[in-house]
Amino acid sequence: AGASFWRFAARYCFVEQDQWGTKVTGNQPGAEEQIYADFGGAIWRPDPNRVPTLTPIKVEVHEVELTGDQLRVYSEMEAYFKALLDQQTGDTLLAPNTMVQGIRLMQLASNPALVGGLPVAAKWRYMLERLEQATWEEPTIIWTAFKETVKQLGEAMRKRGWSVAELTGDTSQKKRTEVRHAFQEGKIDVLLAHPGVGK
């Protein structure tokens, strides 16, 4: 299945291979037209004249620095992973190992409690402080890659008296529908969601 996928990808995309493995780096010229030529009978395209107007997205970047024990734990793990990379021999790096290491660093940057460490989370603290100042005119969506974040943040928010709903891969289809309706009806203060489920 892997080889056929990359043959398929190479028909429509630029595919490159480096020490990290094989990756798609962009679309071939005319890729969209070629896909419609190959699969036009199986693709549905919405009428662009009937697409609803959406509220413009407002992007704000809030940089939160790690401090104290969280910074120490993160820095120690980062240094350890760098030492492992320096010890690698040959040109090929084991992608699964580096991917797992990257995920672990993301968890530590979020909250060491996600991996059994101390609950010292600068980003969580900042976010909860911002939410405490919210007017709750509209529900808030918090996207996260980790189910444990949903669980722990949900508990912290419920203790503050907020109405919280969760959407992860563990959420049943029936519950997802209930959450969607409650969110649309304004019955939820905060929706904690995994992008793959909540999209």
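**Helices, strands and a ring pair**

Biologist: Which strands does α6 lie across?

Modeller: α6 lies across β3, β4 and β5. The helix runs at about 170° to β4. Keep in mind that this is a predicted model.

Biologist: OK, what order do the strands have in that sheet?

Modeller: The order is β3-β5-β4. This is an open sheet of three strands, with parallel pairing.

Biologist: Which strands stand at the edges?

Modeller: β3 (140-143) and β4 (164-167) do. Each has a single partner strand, so one side of each is left without a neighbour in the sheet.

Biologist: How are neighbouring strands turned against each other?

Modeller: By 20° on average, with direction ignored.

Biologist: And how many bridges pair β4 with β5?

Modeller: Four bridges, in the parallel sense. β5 covers residues 190-193. Take Glu166 as an example: its bridge partner in β5 is Leu192.

Biologist: Back to α6. At what angle does α5 pack with it?

Modeller: At about 40°, with the axes 12 Å apart. α5 is residues 122-132, and α6 is residues 147-159.

Biologist: What do you call that arrangement?

Modeller: Oblique. Angles under 35 degrees count as roughly parallel, and 65 to 115 as roughly perpendicular. The two helices are therefore oblique to each other. The crossing of α5 past α6 is right-handed.

Biologist: Which residues make the contact?

Modeller: From α5, they are Trp124, Met127, Leu128 and Leu131. From α6, they are Thr149, Gln152, Leu153, Ala156 and Met157.

Biologist: How many of those are nonpolar, polar or charged?

Modeller: Seven are nonpolar and two are polar. No charged residues take part in this contact.

Biologist: New topic. How many aromatic pairs does the structure hold?

Modeller: Five. One of them is Phe8 with Phe39.

Biologist: What is the geometry of Phe8 and Phe39?

Modeller: The pair is tilted. The rings are 6.0 Å centre to centre, with 55° between the planes.

Biologist: Where do Phe8 and Phe39 sit in the chain?

Modeller: Phe8 is in helix α1 (residues 2-12), while Phe39 is in helix α2 (residues 31-39). They are 31 residues apart, and the pair links distant parts of the chain.

Biologist: Last one. How do β1 and β2 run, parallel or antiparallel?

Modeller: Antiparallel, joined by six bridges. β1 is residues 13-18 and β2 is residues 21-27. A hairpin of two residues connects β1 to β2.

Biologist: Which residue in β2 is the bridge partner of Val15?

Modeller: Val24.

How values were computed: Residues are numbered from 1 along each chain as its sequence is written. This is a predicted model: local features need pLDDT of at least 70, side-chain atom pairs count only at pLDDT 80 or more; totals for chains, interfaces and linings use all residues. Side-chain values use heavy atoms; hydrogens and water are left out. Axes are lines fitted to C-alpha atoms, for helices over the stretch in contact, and angles run from 0 to 180 degrees between N-to-C directions. Angles under 35 degrees count as roughly parallel, over 145 as roughly antiparallel, 65 to 115 as roughly perpendicular and the rest as oblique. A crossing is left-handed if the near helix is turned anticlockwise from the far one by less than a right angle, and right-handed if clockwise. Contact means heavy atoms within 4.5 Å. Ala, Val, Leu, Ile, Met, Phe, Trp, Tyr, Cys and Pro count as nonpolar, Asp, Glu, Lys and Arg as charged, and the others, Gly among them, as polar. Two strands pair if DSSP finds at least two bridges between them. Rings of Phe, Tyr and Trp (its six-membered ring) pair if their centres lie within 6.5 Å; planes under 30 degrees apart count as stacked, over 60 as edge-to-face and the rest as tilted.
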